[in-house]
Amino acid sequence: MRLRQSSAVSMCPSCGFAMPGLDICGLTNTCVECARRALRNICETCPDKASCDIALEGLKFVKSLEPHLDVYVDVSRRVIEKAERYGRARIATAFMKSTMGLINAARGSDPSSAFPTWVKLTLRASAVAKLIRTPYVISEDFYSEFKALCREFGCSGLEVPLSNLLVALISLSLIEKQEDPSAYFNYA
């Protein structure tokens, strides 16, 4: 597999772009956008091309948010550091990366109506069913981090649901002793 996702906030050595879960090309060890520029037609024969195409579109969207990106990276770093205390940095990285989809969806609609749709698209149905009954087994609170994120991206009102969902995901992963985000996220 040539396409890989960084496990925390990483920076592309070519363009200097940094974000949590940055998708990296294994051939160039750069972000997917820099890799495409460097490899050109070689990408057409890559077995990971379809996944890379999706990663490239996501990266372009994130880069379009450039004026606000410092807040996103800072919040992500703090969230991932808190999750690391429980050995769940990969879960938090996948969660923070997926919040960009929520931010995008909330741009054109009411954030509170975008949230359930985002949860349905982002999380596996089996995980959602378990989350409803999951007791919190960690003492972390991500409210202040999500408050800063929502203030910056105009999705106020989602601070509590985002914090509660992440606490529940980390709690569930600890109960199930499952560190792999793909157990909970549709795309991971």
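This is a predicted model: local features need pLDDT of at least 70, side-chain atom pairs count only at pLDDT 80 or more; totals for chains, interfaces and linings use all residues.
Residues are numbered from 1 along each chain as its sequence is written, and side-chain values use heavy atoms, with hydrogens and water left out.

Reader: How are helix 4 and helix 7 oriented to each other, roughly parallel or roughly antiparallel?

Author: Helix 4 covers residues 89-107 and helix 7 covers residues 143-153. Their axes sit 12 Å apart, at an angle of about 30 degrees. Angles under 35 degrees count as roughly parallel and those over 145 as roughly antiparallel, so this pair is roughly parallel.

Reader: Which residues of helix 7 make the contact with helix 4?

Author: Contact means heavy atoms within 4.5 Å. Helix 4 brings F95, M96, T99 and I103. From helix 7 come F146, L149 and F153.

Reader: How many disulfides does the structure hold?

Author: A disulfide here is a pair of cysteine sulfur atoms within 2.5 Å. For C31, the nearest cysteine sulfur belongs to C34 and is 3.6 Å away. C46 has its closest one in C25, at 6.7 Å, which is too far for a bond. The count for the structure is zero.

Reader: Is C46 buried or exposed?

Author: Buried means under 20% relative accessible area, exposed means over 50%, and partly exposed lies in between (1.4 Å probe, protein chains only). C31, at 0%, is buried. C46 has 17% relative accessibility, so C46 counts as buried.

Definitions and conventions
Axes are lines fitted to C-alpha atoms, for helices over the stretch in contact, and angles run from 0 to 180 degrees between N-to-C directions. Helices (H or I, at least four residues) and strands (E, at least two) are DSSP runs, numbered from the N terminus. Angles under 35 degrees count as roughly parallel, over 145 as roughly antiparallel, 65 to 115 as roughly perpendicular and the rest as oblique.
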